[in-house]
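Work through each task before reading its solution.

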Amino acid sequence: MTGVQTCALPICPHLWISLVAGYTSQMADQLVLRIPDSPSQVILASYRQETVQRKVGDMFDLQVNPRWTLNDYIAISGQYYYRHKSADAYTGVFTATDLAGNAISLNAAMLGAYSEASEHRLGIGATYSTVATVAKHKSGLPFDISFFHYETTLGSLGRVPKISVDQVTMRVYQRVFGR
């Protein structure tokens, strides 16, 4: 289940800030996985395979997006993005026989190690738009084209990849019905 709330606040005639908050509640499931003794174990023998119960951690995210319109054509925008994912919970304790014939205990809780994480991203972008001039009948085709760069600036708790993205988007506004 996901919930998202968005709010745009005019600070002054040329500066806007939008706030977006979301929460994702994950559902439990069952998986067949190989259970390690420690998070550093990568290659696991087949005798470690069991059906475990899993509850993926819930997520909360928050975006703050300021936008400053310089004139009818150009806007500068920024972004701060925060995401927190709770730890995954795996349950199940099993007894298995290793390759030497010894009985060992496997605890599925080890699968959730390092699964909690927080991430902070910062971004900046620019937009060229003809939408305002079309509304004033100074231009014919309403479109905008944007360039945006954002990257992960801080990650904590679990494994958080360093993400760096350059994004170009173009939107053309055309009525489907009516004039």
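**Exercise 1.** Is Asp144 buried or exposed?

Solution. The model is predicted, local features need pLDDT of at least 70, side-chain atom pairs count only at pLDDT 80 or more, and totals for chains, interfaces and linings use all residues. Residues are numbered from 1 along each chain as its sequence is written, and side-chain values use heavy atoms, with hydrogens and water left out. Asp144 has a relative accessible area of 5% and is buried (buried means under 20% relative accessible area, exposed over 50%, partly exposed in between, with a 1.4 Å probe and protein chains only).

**Exercise 2.** Identify the salt-bridge partner of Asp144 and the strands involved.

Solution. Asp144 pairs with Arg171 at 3.2 Å, N to O (a salt bridge is a side-chain nitrogen of Lys or Arg within 4 Å of a carboxyl oxygen of Asp or Glu). Asp144 belongs to strand E11 (residues 143-157) and Arg171 to strand E12 (residues 164-172), 27 residues apart; strands are DSSP runs of at least two residues, numbered from the N terminus. Arg171 is partly exposed at 47%.

**Exercise 3.** Which residues are linked with Glu119 in a network of salt bridges?

Solution. The network links Arg83, Glu119 and Arg121. The closest N and O atoms of Arg83 and Glu119 are 3.3 Å apart. Arg83 lies in strand E6 (residues 74-85) and Glu119 in strand E10 (residues 117-129), so this pair ties together parts 36 residues apart in sequence. For Arg121 and Glu119 the corresponding distance is 2.7 Å. Relative accessibility is 18% for Arg83, 2% for Glu119 and 15% for Arg121.

Conventions
Helix = DSSP H or I, 4+ residues; strand = E, 2+ residues; numbered from the N terminus.
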